[in-house]
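Me: I would like to learn how to read a structure like this one, feature by feature. Please show it first.

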Amino acid sequence: MDLQERMKRFEETCRRQGLPVTVQRRAVYEALASRKDHPTADELYDAVSRRLPGISRTTVYRVLETLVKMGLAIKVDHPGARSRFDANATDHPHAVCLACERVFDFEVRDFDLGDIPEQLPDGFQVTGVTVVVHGYCPFCRAALEKNRG
Ligand SMILES: [Zn+2]
Ligand SMILES: [Zn+2]
């Protein structure tokens, strides 16, 4: 989906959910949707405040939470690191670098989530599965190898 399509979908979703398309919401969503590197809330704040000077960090954080609730973005969490955001809200696996904490998308063909049932024995209804793999990204691997000599 290109940026223009995403912006259209954003406006439609706001309308459907009865939320006004404010300048702030538009700017935050556009900043997120125009990149694929899974930025942190602070990185998005930096990008948005260049275009909307005077927007507060709190507003950016709040808009991000709203976008997640609306299903227009997902939050990629991993222990010990800051949350990162992704405008691609469809289920897709992520690879997290243990050294630089960057988050990458990856694709696997015939991905099999194994035997996760739709309902767990205690009555828990499963609605989605998040896959996160950990390791070292090519940049950090190169740096590690260089240090090793
Ligand atoms: Zn890395
Ligand atoms: Zn992603």
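**Strands and their partners**

Reply: Start with one pair of residues: His 94 stands opposite Val 132 in β5. The model is predicted, so local features need pLDDT of at least 70 and side-chain atom pairs count only at pLDDT 80 or more, while totals for chains, interfaces and linings use all residues. Residues are numbered from 1 along each chain as its sequence is written, chains are lettered from A and ligands numbered from 1 in the order in which they are written, and side-chain values use heavy atoms, with hydrogens and water left out.

Me: What is a strand here, and when do two strands pair?

Reply: Strands (E, at least two residues) and helices (H or I, at least four residues) are DSSP runs, numbered from the N terminus. Two strands pair if DSSP finds at least two bridges between them. Strands of a sheet pair through backbone hydrogen bonds, either parallel or antiparallel. In this model β3 and β5 run parallel and are joined by four bridges. β3 and β4 are antiparallel, with three bridges. Val 96 stands opposite His 134 in β5, and Val 96 also stands opposite Val 103 in β4.

Me: In what order do the strands of the open sheet stand?

Reply: The order is β4-β3-β5, an open sheet of three strands with mixed pairing. β4 and β5 (132-135) are at the edges with a single partner strand each, so one side of each has no neighbour in the sheet. Neighbouring strands of this sheet are turned by 30 degrees against each other on average, direction ignored; for such angles, axes are lines fitted to C-alpha atoms, for helices over the stretch in contact, and angles run from 0 to 180 degrees between N-to-C directions.

**Backbone angles**

Me: Which residues deserve a look for their phi?

Reply: Most residues other than glycine have a negative phi, and most peptide bonds are trans. Glu 101 is not a glycine, yet has a positive phi of about 65 degrees. Glu 101 belongs to the hairpin of β3 and β4, which has five residues between the strands. His 38, in the loop between α2 and α3, has a positive phi near 55 degrees.

Me: Is each of these residues buried, partly exposed or exposed?

Reply: Buried means under 20% relative accessible area, exposed over 50%, and partly exposed in between (1.4 Å probe, protein chains only). His 38 has a relative accessible area of 1%, so His 38 is buried. Glu 101 is at 26%, so Glu 101 counts as partly exposed.

**A helix and its contacts**

Me: Which parts do the buried residues of α2 pack against?

Reply: Contact means heavy atoms within 4.5 Å. The buried residues of α2 pack against α1 (3-16), α3 (41-51), α4 (57-69) and β2 (84-86). Among those buried residues are Arg 25, Val 28, Tyr 29 and Leu 32. Glu 30 also lies in α2 (residues 23-33). Not counting residues up to four places away in sequence, Glu 30 touches Leu 3, Met 7 and Arg 51.

**Salt bridges**

Me: How many salt bridges are there?

Reply: A salt bridge is a side-chain nitrogen of Lys or Arg within 4 Å of a carboxyl oxygen of Asp or Glu. By this rule there are eight. One of them joins Arg 82 to Asp 42, with the closest N and O atoms 3.9 Å apart. This pair links distant parts of the chain: Arg 82 is in the loop between β1 (74-76) and β2, Asp 42 is in helix α3, and they are 40 residues apart.

Me: Which residues are linked in a network of salt bridges?

Reply: The network consists of Arg 35, Asp 37, Glu 43 and Arg 84. Within it, Arg 35 and Glu 43 form a salt bridge with closest N and O atoms 3.9 Å apart. Glu 43 and Arg 84 also meet in a salt bridge (3.9 Å, N to O). Glu 43 is in helix α3 and Arg 84 in strand β2, so this pair ties together parts that are 41 residues apart in sequence. Arg 84 has a relative accessible area of 6%, so Arg 84 is buried, whereas Glu 43 is partly exposed at 31%.

**A surface patch**

Me: Which residues make the nonpolar surface patch?

Reply: Patches are made of residues with over 30% relative accessible area and no salt bridge; like charges are joined within 9 Å, nonpolar side chains (Val, Leu, Ile, Met, Phe, Trp, Tyr) within 5 Å. Accessible areas come from the Shrake-Rupley method with a 1.4 Å probe, and for residues only the protein chains shown count as cover. Leu 98, Tyr 136 and Leu 144 make a nonpolar patch of about 290 Å². Leu 98 is in the loop between β3 (94-97) and β4 (103-105), and is partly exposed at 47% relative accessibility.
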